[in-house]
Protein chains: 2
Amino acid sequence: MNKVIKLANRPVGKPEVSDFDFEEIDKPTPSEGELLLEAKYVSVDPYLRGRMSEAESYVEPFELDKPISSAIVAKVISSNNGEFNEGDYVSGELDWKEYQVSDGKELRKVDPDGAPLSANLGILGMTGITAYIGLTEIGELKEGETLVVSGAAGAVGSVVGQIGKIKNCHVVGIAGSDEKVELLKTKFGFDEGINYKKTENMGQAIAKASPDGVDVYFDNVGGRISDGVYQNMNDFGRVINCGAIALYNATEMPTGPRVEPMLVQKRLSMQGFIVGDHQDKFGEAVKQLAGWLAEGKLEYSETIVEGFENIPQAFLDLFEGKNQGKMIVKV
Amino acid sequence: MNKVIKLANRPVGKPEVSDFDFEEIDKPTPSEGELLLEAKYVSVDPYLRGRMSEAESYVEPFELDKPISSAIVAKVISSNNGEFNEGDYVSGELDWKEYQVSDGKELRKVDPDGAPLSANLGILGMTGITAYIGLTEIGELKEGETLVVSGAAGAVGSVVGQIGKIKNCHVVGIAGSDEKVELLKTKFGFDEGINYKKTENMGQAIAKASPDGVDVYFDNVGGRISDGVYQNMNDFGRVINCGAIALYNATEMPTGPRVEPMLVQKRLSMQGFIVGDHQDKFGEAVKQLAGWLAEGKLEYSETIVEGFENIPQAFLDLFEGKNQGKMIVKV
């Protein structure tokens with residue numbers, strides 16, 4: 001048997017398990033040039049929420065009653081394609097199916113003897129690459145600057161902060177529990193951590209944690225948390241708008257303080273950024289990240305949920321902050 | 001006698017004439033190395049509003065009971081400085097005084113036989129340079145793109161649009177009266193003009209005027225007008241945040257739709273910009289602008305108010321949109 005998870009409804013506001021359909025289909029047979037793949041690790045990511053809506057975006061919306069897809073590490077079960085052998089491991093954007101065929105064109109081989117397989121969905125995958133490219137290409141982080149990261153205990157945020165420390169920056173992380181804040185300082189080497197759920201005045205908290213002001217803000221969150229950081233930006237500061245998870249489930253247009261006067265007065269830049277636009281830098285990013293990982297300069301966290309049928313719930317848990325580091329489902 | 005205008009109070013919200021003090025003082029005598037200057041043309045600009053508040057900004061706040069200063073074209077009445085001769089004309093940041101002395105260090109000589117003297121405060125001065133550097137250095141405007149400008153009939157906006165046309169762009173201007181909109185099309189060669197005061201749904205109006213979407217938005221205004229432009233930005237669009245006159249007199253934090261989700265989804269950039277940070281490009285800018293002016297490719301408008309004592313009122317009139325093009329006081 002072969003399980004598949006499809007999009008049942010376009011969610012309004014916060015998605016629910018009932019927005020997903022579970023079906024069983026036949027195991028497919030690969031044609032000439034194709035591979036049969038068995039999913040091993042499935043990545044669930046906040047950006048998938050956008051694809052569940054009908055609105056045009058930078059990636060096509062998922063279709064109703066069709067399988068959802070995300071980054072997956074899979075094992076090659078059989079191959080009619082000269083470039084892949086039975087037993088190889090690959091990663092790529094694949095359907096939420098236990099078994100599927102592929103022509104191999106968009107797949108990348110991964111080394112099962114290097115880092116753990118799941119790392120290819122995180123620190124050596126899209127989230128690590130996002131952290132690296134956002135800081136270097138968009139934020140142009142310089143040695144000794146002050147870097148603030150929101151969603152700091154998440155898969156992207158924790159790498160952002162560690163790269164900041166490698167660059168000798170003063171690094172402040174914002175997260176949603178005391179446990180996460182503790183982890184930022186002990187495991188990931190951040191200088192300061194702020195639990196936004198226990199902080200009434202974010203502006204004051206950021207000011208206290210950033211005595212020289214904020215030069216670069218890597219934002220995964222948006223909303224009230226970001227307002228507090230903006231207030232503390234130095235002249236010529238740079239905001240890397242990587243995500244806005246606090247706003248993704250909004251059903252009405254979220255409002256907040258207007259940023260224009262501050263942008264002019266402090267000559268700030270805000271730049272939206274999607275890692276897929278920077279594929280020419282992926283090779284450099286993975287090489288650098290793998291190097292730091294081998295040297296012991298990078299730590300990473302994963303929350304691994306077991307069971308193919310738990311993929312939707314793991315996705316929903318992202319919006320409750322139940323993950324710590326990269327959220328991955330082990331099939 | 002020698003008239004001087006000082007800052008009497010720090011305005012709260014909209015400034016009033018009573019926030020200014022008029023005094024008469026002695027005409028000064030230049031020491032060794034100094035010049036005696038007579039003000040001829042005085043520039044009044046929205047950014048001066050910021051300097052009237054106590055808050056730290058990119059320029060020092062004006063001091064209470066001290067003269068206000070702005071860009072001025074003056075005539076050298078007498079000189080104890082070898083670099084300037086009696087009868088020369090100069091421009092620079094000078095006090096709102098009929099007569100004052102200067103050591104000449106921050107002054108630039110202007111050619112009284114080229115463009116009219118007042119042009120050195122506008123199209124060949126800070127406003128023209130702002131338009132040029134904003135579009136080229138910050139917005140990186142490319143041939144054939146769609147350019148939207150707010151405050152389009154103003155001193156900066158009218159030059160922005162004309163540079164857009166020189167670069168074969170589709171140019172849409174937003175202004176606050178039918179007369180201004182008419183002028184955008186007839187005098188300045190804009191493709192489309194929108195009177196925001198008669199437009200309920202700015203988003204729809206921008207969409208209609210920009211059939212290919214908006215690539216570059218040169219914003220002098222901020223607020224509701226800008227919200228309508230943001231909705232129509234193309235992927236990888238650039239917002240040049242040059243000013244936010246709609247928000248400068250606000251006494252409470254202005255709020256509006258949050259921009260973060262849009263920035264990420266469309267990979268937009270917003271960049272605050274102050275021309276004074278780009279002094280290394282002034283020479284190039286003035287040379288290019290003077291060339292286009294001599295070739296008849298640039299038109300400009302001035303609203304010239306007569307009389308030194310009318311400087312404060314001319315400044316206040318900026319916030320009512322009473323100027324058309326550069327607001328200048330002829331002493």
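Here is a short chat about a predicted model with chains A and B.

Author: Before we start: residues are numbered from 1 along each chain as its sequence is written, and chains are lettered from A in the order in which they are written. Since this is a predicted model, local features need pLDDT of at least 70, side-chain atom pairs count only at pLDDT 80 or more, totals for chains, interfaces and linings use all residues, and side-chain values use heavy atoms, with hydrogens and water left out.

Reader: What makes the relation between chain A and chain B a two-fold axis?

Author: Chain A can be laid on chain B by a turn of 180° and a shift of 0.0 Å along the axis, with an RMSD of 0.0 Å. The superposition is by least squares on the C-alpha atoms of residues with pLDDT of at least 70 in both.

Reader: And how do you know that the copies meet through the same surface?

Author: Of the interface residues of chain A, 100% are also interface residues in chain B, so the surface is the same.

Reader: Why is chain A called as compact as a globular protein of its length?

Author: Chain A holds 9 helices and 16 strands (DSSP runs, H or I of at least four residues for helices, E of at least two for strands). Its radius of gyration, 20 Å, is close to the 20 Å that the globule rule gives for 331 residues, so the chain is as compact as a globular protein of that length. The radius is taken over C-alpha atoms, and the rule is 2.2 Å times the number of residues to the power 0.38.

Reader: Why is A175(B) called buried?

Author: Buried means under 20% relative accessible area, exposed over 50%, partly exposed in between (1.4 Å probe, protein chains only). A175(B) has 4%, so it counts as buried. You'll find A175(B) in strand β9 (residues 170-175) of chain B.

Reader: What makes L247(B) buried, and where is it?

Author: Its relative accessible area is 11%, so L247(B) is buried. L247(B) is in the loop between β12 (233-241) and β13 (255-257) of chain B.

Reader: Which residues does L247(B) touch?

Author: Contact means heavy atoms within 4.5 Å. Not counting residues up to four places away in sequence, L247(B) touches R258(A), E260(A), P261(A), V221(B), G223(B) and P254(B). L247(B) and V221(B) are 26 residues apart in sequence and 7.6 Å apart in space, C-alpha to C-alpha.
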